[in-house]
Amino acid sequence: MVLGSMAPRRRWLLFGLTALAIVALVVAGTVVINRLAGDDTPQRAAPAAGSPSPSPVSTPTPSPTGPPPGADIAGPLNLLLVGVDTRVSVPGWEPHSDAVLVLHVPKGLGKAYLFSLPRDLVVDIPAFPKAGYPGGRTKLTHAMSYGSRVPGKPKQPNTAQGYELLRSTVSGYTGLRIDAGAVLTFNGFDRLVDSLGGVDIYVDQRVASMHRRPDGKHRQSAPGGYTGPQMVYEKGERHLNGWQALDYARQRYMTGGDYARQRHQQQLIRALTRKILDEGLARQPERVDQVVAALGNTLIYVGGRRIVDLAYALSNVPENRFVLVGLPGSGVGRGSAYRGEQLTATGRGFLTELRAGRADAYLTKHPTLQVKT
């Protein structure tokens, strides 16, 4: 499964990608509910351009007495959501995971925790014979790149294969079993947000865009960056359309750097999820179809259970029990000797307590970890 093409100027990427994974699951859940209500039209994810066709995702026609799809899923569940830098205009470009998020749903499916791992997190990447990779200690973003390499085919990286190595790496670092995941591109993101009528979000700090002008057009490239008027997102409650939401969640050259960007990505995911739930899409089949069409080929699902099973199970998680967690970190090395990022003891402690089922108590003790929306 290879990601679809993107406009060359969107080579940055990958922030709101992850948002689409959560949104896709919620949307798929509403589709399931609609189909169970009587419409048995199959739902199928469109394959990305140039990629092998993934297994069809369809909603079975339920029997009058049979259980709904995913009814047997009781948790815990761990989903790996990945945004990938695929500069498809560059021949043989290897995918890099620029946004890595984990959604943990404890047993009982009554709550969900979403946290990000820094793209430059220094981790142990295990050996991966399929790609000829011997293993090593380096930045997390390289796991998918190294794993995507196909021996004998240097110009034909395999994104799905790269995801395998990234999944193993994240599982080894967090100690969580990864049940399923999604790899996302930005194609259609603007259309998705616009199809929902935009999104309401609290901008928690002033953010000046490196990439967009106030009219939405791309700023002109210049040596060392960009030039021309900048779109600015002022602090406060804001209503953002598609390109604005995408642009806002992408920025990292500001106070807080990449950690602030991770926080903004999570806030966008929460806002999109809230929007879909508030829209009551399960009661509006025509709106469901519109949103699903907007997703197009932006989502590549990688998992064991079918996405409709997971979507139905996750549809029971209350919106106000969707907890965003920001894991603090710090740099490893300085200046030219910079090696990457590491989580602080407090950040690593959250992962330990999450595995033990004591996340709520830990967040009470460390309230600054919970991202406010």
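The lining of the second largest cavity comprises five nonpolar, three polar and four charged residues (Ala, Val, Leu, Ile, Met, Phe, Trp, Tyr, Cys and Pro count as nonpolar, Asp, Glu, Lys and Arg as charged, the others, Gly among them, as polar). The model is predicted: local features need pLDDT of at least 70 and side-chain atom pairs pLDDT 80 or more, while totals for chains, interfaces and linings use all residues. Residues are numbered from 1 along each chain as its sequence is written, and side-chain values use heavy atoms, with hydrogens and water left out.

This cavity has a volume of about 50 Å³; a cavity is a set of points on a 1 Å grid over the protein atoms alone where a 1.4 Å probe fits but cannot get out, and lining residues have an atom within 4 Å of a point. Among the lining residues are D98, S116, R119 and D258. At least two lining residues come from each of β2, β3 and α6 (257-279), where helices (H or I, at least four residues) and strands (E, at least two) are DSSP runs numbered from the N terminus.

Strand β2 (residues 96-105) has 10 of its 10 residues buried (under 20% relative accessible area, 1.4 Å probe, protein chains only). It pairs with β3 (residues 112-117) in the antiparallel sense over five bridges, pairing requiring at least two DSSP bridges. Here L103 stands opposite L114 in β3. Six residues separate the two strands of this hairpin, and G108 in the turn has a positive phi of about 100 degrees.

Methods
Buried means under 20% relative accessible area, exposed over 50%, partly exposed in between (1.4 Å probe, protein chains only). On a 1 Å grid over the protein atoms alone, a cavity is a set of points where a 1.4 Å probe fits but cannot get out, and a pocket is an open set with protein on both sides within 12 Å along at least five of seven lines; lining residues have an atom within 4 Å of a point. Grid points are joined across faces, edges and corners, and a volume is the space filled by probe spheres set on the points.
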